[in-house]
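Here is my note on the model, with a few points to read alongside the structure.

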Amino acid sequence: MVFMITIATFLLASAAALAPRTPQAPSILKDPPPYTNPPTSCPEAASRLSVPDGPHANYFYSDCHQSVHVIVTSPRSGDKLSVVKPRLLVAWPAGNSGAFAQFESGSGQAGSLSVTAKSDGSKSGEAFDPIYEAGSGGNPRVGVTSVLHFNDSAILAVPILGSIRSLREFAEGGKIDQAFQDSFGFLQYTDGSASIDRLWFDGVTKSTMHFTPLNGAQTITINRGEKWTLGFGQGDYKVEVSYNYPQLDQLSPQEVLADAAKPLLSQNPDLTTSLAFLSYKNKLLAGTWRFLTYFGRDSMISMLLMQDILSHDAIEAVIAAVVERINHNDGTVCHEEVLGDYASYLNKKEGIISAEPRCDYKMVDTDFLLPIAMQRYFLDTKPGQQNAKAFFEKVATFLPENKGWTYTRLAQVTAEKIMRIAAPFANSQTKENLISLRNGEMVGQWRDSNYGLGGGRTPYDVNTALVPAGLRAIAALSRAGFFPDHPDWKDLADKQANIWEDETLRFFEINVSESDAKARVREYVLTSRLGIDTNADTITGDVKYYGLALGGSINSGGPVPVMNTDDCFRHFFLNTTHQEQLSSFLSQTADHILQPFPAGLSTDVGLVVANPAYATDADFRNMFAQGEYHGTVVWSWQLAMMGAGLGRQLGRCTGDNHPEFCTNKDLHSKVLSAYNRLWDTIDANRAQLSHEVWSWSYDGSKFKAVPLGAITSTESNVRQLWSLTFLAVHREKF
Ligand SMILES: *[C@@H]1O[C@H](CO)[C@@H](O)[C@H](O)[C@H]1NC(C)=O
Ligand SMILES: *[C@@H]1O[C@H](CO)[C@@H](O)[C@H](O)[C@H]1NC(C)=O
Ligand SMILES: *[C@@H]1O[C@H](CO)[C@@H](O)[C@H](O)[C@H]1NC(C)=O
């Protein structure tokens with residue numbers, strides 16, 4: 001028998017301690033989550049994957065009832081205790097939902113508590129097992145159970161129940177809106193167990209964490225301080241974490257891969273399982289745990305990089321998810337969807353009582369990827385050609401405001417936006433006519449942390465690559481009969497693409513004389529106390545590169561002086577035809593790959609995405625330190641796009657109508673060396689390629705990969721969709 005000793009919510013803290021539990025505010029919802037009723041037993045075996053990652057033990061589990069990612073974090077000796085704290089984190093793709101418990105040592109001594117998960121002795125023998133309870137009239141309750149071992153007395157100091165967005169906000173900045181935290185139910189039971197639950201803003205979904213002492217461990221106590229916490233002794237506790245929210249329809253590893261790519265299932269079970277974990281019938285997710293939901297840029301770039309191995313279902317899921325979420329007023333493609341508890345929360349803040357999903361439209365790069373993705377699938381492949389009609393006749397159902405809009409109309413609004421914003425520069429090639437971040441926004445493309453563009457406003461990747469590539473795609477689609485309202489686009493878009501291809505690079509160009517360049521890398525290494533080689537002697541001429549963006553305060557509105565990997569966008573997305581420009585562009589990319597950081601971009605652990613060595617201001621350079629999300633760190637997908645992009649350019653040399661650089665022996669051989677150097681580094685870093693991003697340490701002779709989350713509170717996702725693209729992108733023989 002279980003009886004309730006006490007219950008309180010933060011709001012009800014003044015209620016008598018033994019008062020029966022007061023139900024929370026009744027449902028605020030006019031549109032509860034749809035009811036789903038999966039079979040009680042799954043026809044296919046569950047899929048599991050365990051991935052140790054420094055202090056984090058990751059467990060993935062999927063069956064027909066749920067997909068879930070569990071992380072148990074426990075600091076090891078040498079970990080930075082201010083960032084690596086003992087915790088249990090459970091992340092579900094459905095609703096971008098999560099449950100989180102941060103523990104502290106009962107003795108108050110940082111570093112003295114370790115938490116490990118072990119099998120509860122059930123027949124699976126796995127550290128985590130699924131929970132599935134068919135709902136009676138509601139959604140089934142799904143979750144995970146395990147046995148946690150504390151090697152010291154422990155306090156559950158911070159619970160978070162609801163949305164991954166709240167977890168992320170807490171993990172990154174320690175801030176979380178009190179609205180999520182003031183409605184916990186704390187329950188204590190006669191068997192010594194205790195639970196914390198929270199009813200979501202939708203009034204229907206409830207997340208619960210329940211802990212039960214095992215093997216003689218101490219009864220759990222509720223500490224009724226200003227913030228309520230749970231107290232544990234040293235020992236074993238059963239944990240059950242669950243919620244009742246409609247689950248997504250996952251694509252199995254079989255379903256996500258094209259027929260020809262099926263051998264990858266046995267060659268690469270880890271990556272194909274990871275890919276399936278992020279792939280669902282109506283969308284692909286960006287990564288886990290932090291971005292466990294739709295992101296437009298991530299899913300389209302991933303699709304474009306690994307199109308060869310994806311099934312039509314997966315490709316159409318990507319494009320449909322994008323089209324469903326277009327802002328039909330101005331054509332902007334959605335960056336990130338907001339759904340589940342966080343959507344109800346944002347709606348409520350605006351006085352709207354609804355759990356309807358929302359979208360974030362602040363990015364300026366994502367729009368261009370849609371026509372490119374459409375072209376690559378619906379024009380360039382047989383299945384795409386066959387399915388195009390049925391696909392574009394579909395009617396949107398996801399966002400309430402798009403209901404009734406056909407995919408044809410939505411896609412056209414985006415193309416109209418691109419044609420509208422590309423026209424001014426096509427007509428007059430001034431800096432002011434380039435495309436900049438939206439007013440009031442600090443971010444707008446993939447380097448979307450506050451310092452990512454070093455204060456710049458007019459991004460290099462968008463203007464020199466994505467705009468012209470988007471225009472090329474619109475022209476091709478128009479020639480194939482798309483956008484019948486605008487027959488003139490078939491010529492106009494190509495004409496404009498030419499101008500954007502040939503006339504934009506020069507705005508971003510930076511030259512540093514050889515002597516200045518040498519002095520700057522020396523100063524950088526010294527003042528930043530990096531303890532690495534300056535590699536100044538590898539600088540044998542003036543250094544030329546293209547800045548991250550224009551604008552900002554650092555260079556009087558000129559290019560932001562940070563060498564970077566964004567050249568890969570032009571290499572991957574464009575076959576430019578201005579020969580002199582193409583040759584010189586390829587030449588400088590090759591130099592940066594061949595030259596070791598900080599003279600160039602190369603380290604033993606990959607190309608750093610930003611190298612601020614050639615900037616003269618030390619504070620500015622610090623914005624790109626090795627603990628910064630878009631600093632001197634390595635992003636897997638940038639390696640993939642650079643590898644694929646240089647491969648595309650070198651591939652152009654095999655045709656008849658090849659570019660000039662192909663017959664310039666020195667240049668061609670330099671580009672080929674850079675390509676192979678890059679692939680050697682990629683091959684040497686297979687261990688972390690499927691991670692989102694990593695940093696490094698230097699041992700006096702070599703760079704070593706270090707998880708970003710070990711040095712800063714911005715963690716790297718252990719599995720990121722666009723970091724799985726090495727399943728498809730590989731070294732080619734030229
Ligand atoms: C718990 O384990 C950690 C890591 O192994 C260790 O540093 C700590 O001293 C242990 N705590 C106790 C109380 O033994
Ligand atoms: C950089 O140098 C090249 C010649 O190597 C020159 O054509 C170009 O105008 C210079 N760019 C800038 C911004 O000074
Ligand atoms: C560039 O040309 C190659 C053939 O040389 C082709 O495979 C590729 O699709 C082209 N890329 C673009 C963006 O047109």
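1. Ligand 3 is surrounded by Arg-376, Phe-573, Asn-575 and Arg-652, counting residues with a heavy atom within 4 Å of the ligand.

2. An oxygen atom of ligand 3 lies 2.3 Å from a polar side-chain atom of Asn-575. Of the 360 Å² of accessible area that ligand 3 has on its own, the protein covers 47% (Shrake-Rupley method, 1.4 Å probe).

3. This is a predicted model, where local features need pLDDT of at least 70 and side-chain atom pairs count only at pLDDT 80 or more, while totals for chains, interfaces and linings use all residues. Residues are numbered from 1 along each chain as written, chains are lettered from A and ligands numbered from 1 in the order written, and side-chain values use heavy atoms, leaving out hydrogens and water.

4. Now to ligand 1: Gly-111, Ser-112, Ser-114, Asn-151 and Asp-152 are the residues around it. A polar side-chain atom of Asn-151 is 2.2 Å from an oxygen atom of ligand 1, and a polar backbone atom of Ser-112 is 2.7 Å from a nitrogen atom of ligand 1. The protein covers 44% of the 360 Å² of accessible area that ligand 1 has on its own.

5. Which classes make up the shell around ligand 1? There are four polar residues and one charged, with no nonpolar ones.

Key:
Polar contact = N/O pair within 3.5 Å; in protein donor to acceptor, adjacent residues only side chain to side chain. Nonpolar A, V, L, I, M, F, W, Y, C, P; charged D, E, K, R; others polar.
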